Amino acid sequence: MDNHQPTKPSRRKFLYNLGLAGLSLPLISSESNCSTKTKSNAQAMIDKNNKAGKLGIALVGLGGYASGQLAPALQQTENCYLAGIVTGTPSKIPVWKEKYGVPDKNIYNYNNYDSIKDNPDIDVIYIVLPNNMHAEYTIRGFAAGKHVICEKPMAITVAESETMLAAANKAGKLLSIGYRLHYDPFNLEMIRLVKEKIYGEVKSIDTAFSITPPKGAWRLNKKIAGGGPLMDVGIYCMQAVCYVLGTEPLATTTKTYPVSDKEKFIDIEETLDIEMEMPGGIIGKCRTSYSENQSYLQVNCENGWFRLEPAYFYGGLKFSSSDGRKFEIPPFSQQAKQLDAMAVSIKNKQVSKTPGEMGFRDMKIIEAIYKSMNTGRRVELK
Ligand code: NDP
């Protein structure tokens, strides 16, 4: 299952309610609790990985995605490893130390985050924070002289994402967006079938991604999330239309509906139906909602159709087609594939398949979609 539900950050929630979430309290020094054996094991792990030429990654924000997906994936990667963590919740530290052997010298909070610049173990910073914190922590990451991977959506406005690109350029470092499905074999197969015209020309694309976050989740707060389901899961649909076709939208017409629960959906959309006009007269129909559960991607061509359902989860993706074609492969970690590919790009000083510029493009599409939603008009993308 795609776990887009936040974890239970009790201390964080407490700080947030007090309006103190941006501040960091001093971390409990866990050094004193750490046995000499654990310390030397942790250092040995770092030394071994550094020696093997793996890039050291620091995860920033130890929530659902970092702990459920990225950290386990970093145990499988060949080109990078989990070297450090940045957290505002001291109670998480012993668990991460125990599970992943992260040494004390590589553990940071949001106040001393900038001093990561002096840490040679850390080559790449991976931002896994709520959306409204992406820009600030990416820019600070570049100021610390590190490469940055930032989770989707890149930011909450086009203007913010522009400042992130400028920071990357100024630092001469690489920025990638955590669009994991560009590295997923099932989605890559969808791209191949289109590219090689196996079913002829594409006529239309139909896709949906919807989840149901619980009341109180930051995803429902416009200030933090930047918007509703479009920012969180609808972005996968608009991404899929672009990567499957290999083109960018010319215009969008987007429709929303009255919300079913005014306390839950205070200032965000509940459901959107988005039409993306793509080159060649192809329409990409995307539906996204915080009141439904759906995850599919269907490509309709002259000579048949092919489909993923689920299409956007972390695993268990299923392919089907009008002619019964099969696509099955042994289990793998999407995140490990993504992280390894990004690490190779960084080592080769090349932009990844999902660079900051792609995140910037998507923020422009998102703004056009919201403009169309708000005006009820067709909005062209220049
Ligand atoms: P969570 O709420 O589970 O975790 C966010 C973490 O950020 C918290 O646990 C906390 O970590 C830290 N944090 C710092 N300040 C705050 C604050 N004010 N409020 C809440 N948390 C705060 O979110 P997710 O892990 O689900 O999502 C994080 C990012 O990753 C989002 O941008 C999301 O869009 C993206 N994501 C991407 C996925 C993908 O498939 N590519 C899947 C899921 C999410 P700490 O206590 O350590 O400080």
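Angles under 35 degrees count as roughly parallel, over 145 as roughly antiparallel, 65 to 115 as roughly perpendicular and the rest as oblique. This is a predicted model, in which local features need pLDDT of at least 70 and side-chain atom pairs count only at pLDDT 80 or more, while totals for chains, interfaces and linings use all residues. Residue numbers start from 1 along each chain as its sequence is written.

**View 1. Helices H6 and H11 meet side by side.** Helices (H or I, at least four residues) and strands (E, at least two) are DSSP runs, numbered from the N terminus. Helix H6 (residues 158-171) and helix H11 (residues 356-375) have axes that come within 9 Å and cross at roughly 170°. Axes here are lines fitted to C-alpha atoms, for helices over the stretch in contact, with angles running from 0 to 180 degrees between N-to-C directions. H6 and H11 are therefore roughly antiparallel to each other. From H6, the contact draws on Val 158, Ser 161, Glu 162, Met 164, Leu 165 and Ala 168, and from H11 on Gly 356, Glu 357, Gly 359, Phe 360, Met 363, Lys 364 and Glu 367; residues are in contact if their C-beta atoms, placed from the backbone, lie within 7 Å. Sorted by class, this contact has six nonpolar, three polar and four charged residues. In that sorting, Ala, Val, Leu, Ile, Met, Phe, Trp, Tyr, Cys and Pro count as nonpolar, Asp, Glu, Lys and Arg as charged, and the others, Gly among them, as polar.

**View 2. Helices H3 and H10 pack at an angle.** Look next at helix H3 (residues 64-73) and helix H10 (residues 334-347), whose axes lie 8 Å apart at an angle of about 55°. H3 and H10 are therefore oblique to each other. Gln 69, Leu 70 and Ala 73 of H3 meet Gln 335, Ala 336 and Leu 339 of H10. By class, the H3 contact with H10 has four nonpolar, two polar and no charged residues.

**View 3. Strand E1 sits in an open parallel sheet.** Six strands line up in the order E3-E2-E1-E4-E5-E6, with parallel pairing; two strands pair if DSSP finds at least two bridges between them. Strand E3 (107-108) and strand E6 (175-177) stand at the edges with a single partner strand each, so one side of each has no neighbour in the sheet. E1 runs parallel to strand E2 (residues 80-86), joined by six bridges.

**View 4. Ala 58 lies in the covered strand E1.** Ala 58 belongs to strand E1 (residues 55-60) and stands opposite Gly 84 in E2. Ala 58 is buried, with 26 other C-beta atoms within 10 Å. The term buried means 20 or more other C-beta atoms within 10 Å of a residue's own, exposed means 12 or fewer, and partly exposed is in between, with C-beta atoms placed from the backbone. In a regular strand the side chains alternate between the two faces of the sheet. On E1, Leu 55, Ile 57 and Leu 59 on one side and Gly 56, Ala 58 and Val 60 on the other are all buried. The C-alpha atoms of Ala 58 and Val 124 are separated by 6.4 Å, although these residues are 66 residues apart along the chain.

Conventions:
Two residues are in contact if their C-beta atoms, placed from the backbone, lie within 7 Å.
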